Amino acid sequence: GWTQLGATLYNSSVLLKVGLGTSTPSSVLHINGTGALLNISNATHTFFFVNSTNIGAGTENPSHRFEILNNEAPAIGRAGLKVNTTLGTGTAYGIYSTSFGSIGTNIAGFFSANGSNTGSDYAIVTEYGKVGIGNTSPNYMLYVKGNVSLNDTLYVIDSGKVGIGTTIAGIPVRLNVSGNISVTGGTGNGIFFPDGTFQSTASTA
C-alpha cells in the first residue's frame, strides 16, 4: 500500500505500476493521452515537457521531436547537448546552437571540444550546407581556417603553401612535391615559370 512520510508519499512494492489515462500500464509510470502529458518545472522555468508528439527541454512549446531552449540570462546565446565522462581524463563534447547571426536564419550546428565561448574551437554548418572549420561564416562549401593534413599525404597551410607527399615546414616555396609530376592533356599544356616562359616538353639542352 501507499505510505506517507512527511511530505513524501511512496509505495514500496516493486510490482507497482501507475497508469494515467490507461488501465493497463506497461511500465512503472505509463501516461496515455493527447496534448500536454508531462511537465517538470518550477515557478519560473520548464525543465522537461512532453506532449503527444514532441519533447521539450526548457520549453512548453516544442516544435520538433526534441527541442532544447535556453532562455535564461546569462544565456551566452547557447543551448545544446553535452556528452561527458567522469572516468579518467575524459573530454566533454557537445552540440550547441549559437546566437551569432540573425534569429531564425542562422540555422547552424556549433561543435565544441572545450566549451569555449570565444569561437576559437568550433565547426559550423550553415543553412546553405556550407561547412566552416575554425570559421563561423564560410563562403565556400568547405572553409578551413588553419592548417590541413589529409592522411599525412597532402598538406595545406594557411599561408597558401601546399605539400604533396611531404610536409612544407620551413620550405620557401608554394608547392613542394615528393615524387614524380605528370602534366597531361595534349597540346598547349605545360608549366609556366616566374619569368613568363612556358615549357610543354622536356628540355633537350
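Is tyrosine 140 buried or exposed? Let's start there. Tyrosine 140 is exposed, and its relative accessible area comes to 55%. Keep in mind that this is a predicted model, so please take everything here as computed from that prediction.

Okay, let me step back to the whole chain. We've got 20 strands and zero helices. There are 205 residues, and buried ones make up 17% of them. On contacts: if you take the ones between residues at least 6 apart in sequence, 3% of those join residues at least 24 apart.

Now back to our tyrosine. The count of aromatic pairs in this model is one. The partners are tyrosine 140 and tyrosine 143, and they're stacked, with the ring centres 6.3 Å from each other and 25 degrees between the planes. Why does that pair count as stacked? Because the planes are under 30 degrees apart. Tyrosine 143, for its part, is partly exposed, at 27% relative accessibility.

Last stop, the nonpolar patch. On the surface you'll find Ile181, Val183, Ile191 and Phe193 grouped into one, and together they have about 380 Å² of accessible area. Have a look at isoleucine 181 in particular. You'll find isoleucine 181 in the loop that runs between strand S18 (175-177) and strand S19 (191-192). With a relative accessibility of 62%, isoleucine 181 counts as exposed, because the cut-off for that is over 50%.

That's my tour, thanks.

Key. Residues are numbered from 1 along each chain as its sequence is written. This is a predicted model: local features need pLDDT of at least 70, side-chain atom pairs count only at pLDDT 80 or more; totals for chains, interfaces and linings use all residues. Side-chain values use heavy atoms; hydrogens and water are left out. Helices (H or I, at least four residues) and strands (E, at least two) are DSSP runs, numbered from the N terminus. Buried means under 20% relative accessible area, exposed over 50%, partly exposed in between (1.4 Å probe, protein chains only). Contact means heavy atoms within 4.5 Å. Rings of Phe, Tyr and Trp (its six-membered ring) pair if their centres lie within 6.5 Å; planes under 30 degrees apart count as stacked, over 60 as edge-to-face and the rest as tilted. Patches are made of residues with over 30% relative accessible area and no salt bridge: like charges are joined within 9 Å, nonpolar side chains (Val, Leu, Ile, Met, Phe, Trp, Tyr) within 5 Å. Accessible areas come from the Shrake-Rupley method with a 1.4 Å probe; for residues, only the protein chains shown count as cover. A salt bridge is a side-chain nitrogen of Lys or Arg within 4 Å of a carboxyl oxygen of Asp or Glu.
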